[in-house]
Amino acid sequence: MDKIVSNTTQQEQYRVQKIALPLAPASFFAMTLGLAETGNAWRNATSLWNLPSYIGEILEALAVISFVWWLLIFINKWIQHRKAAITEFNDPVQSSFLALIPESIILVALAIHPYNTKTAIYFFWIGSVLNLIYGAYRLSTLWTQDRQQEQTTPSLFLTFTASILVNALVAGLLGYNHYGFLLLGIGTISWLIMDSVITQQLTVGGLGVKTRNFMGIYMAPAVILFVAYQVLSGETMNISIAYALMGYALFIFVTISFSLKWLKEQAFAPGYWAYTFGIATLSQGLSLFALKTNDYAVSVAAIIVFCLTNILVLGVVIGSVKLIMKGNYFPK
């Protein structure tokens, strides 16, 4: 009898282990951001070049699905692996990636907005408030907690700048312009302050091989600001400011392109999704600007970056599938 009970218990434990969710860092939410912004780029491209609209909607759907998947894994981590979750929350570098969660909620709101406005607005305000609270909390830890010099990486942009600028961008798209400009001020000023700190570290202390994909985050503030300003200013947009923001966004993009050999010293990993968000947002900004101007050069740049966006996203998807098939996608 005891042997039967023992076998039954072992079988139950085996089933639990078999369906156990994997353990993954919050940085994996970068997949949701990359897919969502590529979907947004396709939505703009549909208006600009009459491309098939269903491609953008498929990408948005995949972004929502990926968000649900990573959220389940994140919740499970706090339930089944609380020690690992607490360690991540307190880590000076990895904690920055927790800002991807409210940012993902905001982008999910934008993804579903054409289909259900009320639900989208509900999601937006949840993500927006969480985004600001977490950003303010993380800023306070810079004042109150000791940090090592090498812990200053582009990941800091996530909490104080990039996620808040995305917040501003979506606020403008949903019609909350005054609130959007408020967020734009927070994100832009934070960027100007943090950029000097991060650039100083990059030029003096460098960036370790295992964190090179953080450079995908480095270009995010410039490209998001370029898009957010266009959305919020609307018909009152100052063309000179828009060109200036576009110029810097393209400059950073080209600079990162020149660094490919250095960046590729880091083997392909899920963190490569960080690159897709920046370039997809740049594509979105250029196509939006091309719709507002008759500048041939802007249209050409929009086409080139849009094509590069799709090539990069496809490459990251293929690389991710290969890692999954090898069983190496999740950390062990």
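Predicted model: local features only at pLDDT ≥ 70, side-chain atom pairs only at ≥ 80, totals over all residues.

Reader: New pair. How do H7 and H10 pack?

Author: Their angle is about 20° and their axes are 9 Å apart. H7 is residues 156-173, and H10 is residues 220-233. Angles under 35 degrees count as roughly parallel, so H7 is roughly parallel to H10.

Reader: Which hand is the crossing of H7 and H10, left or right?

Author: Left-handed.

Reader: Which residues meet there, between H7 and H10?

Author: On the H7 side they include Phe 157, Leu 165, Val 166 and Leu 169. On the H10 side, Ile 224, Leu 225, Val 231 and Leu 232 are among them. By class, the contact of H7 with H10 has 15 nonpolar residues, two polar and no charged.

Reader: Switching to H6. What should its residues span?

Author: H6 runs over residues 117-144, which is 28 residues. At 1.5 Å a residue they should span 40 Å. The end C-alpha atoms of H6 are 41 Å apart, so that agrees.

Reader: Which residues of H6 are buried?

Author: Ala 120, Phe 124, Gly 127, Ser 128, Asn 131, Tyr 134, Gly 135, Arg 138 and Thr 141.

Reader: What covers the buried residues of H6?

Author: The cover includes H4, H5, H7 and H8. H5 is 100-112 and H8 is 177-204.

Reader: What about the loop between H6 and H7? Is Thr 152 there buried or exposed?

Author: Thr 152 sits in that loop. Its relative accessible area is 14%, so Thr 152 is buried, the cut-off being under 20%.

Reader: What does Thr 152 touch?

Author: Leaving out residues up to four places away in sequence, Thr 152 touches Arg 147, Val 197, Ile 198 and Gln 201.

Reader: Last one. How many residues of H13 are buried?

Author: 18 of its 20, so H13 is mostly covered. H13 is residues 273-292. From first C-alpha to last, H13 reaches 30 Å, close to the expected 28 Å.

Notes. Residues numbered from 1 in each chain as written. Heavy atoms only, no water. Axes fitted to C-alpha atoms, helices over the stretch in contact; angles between N-to-C directions. Helix = DSSP H or I, 4+ residues; strand = E, 2+ residues; numbered from the N terminus. Parallel < 35°, antiparallel > 145°, perpendicular 65-115°, else oblique. Left-handed = near helix turned anticlockwise from the far one by under 90°. Contact = heavy atoms within 4.5 Å. Nonpolar A, V, L, I, M, F, W, Y, C, P; charged D, E, K, R; others polar. Expected span 1.5 Å × (residues − 1). Buried < 20%, exposed > 50% of the residue type's maximum accessible area, 1.4 Å probe, protein only.
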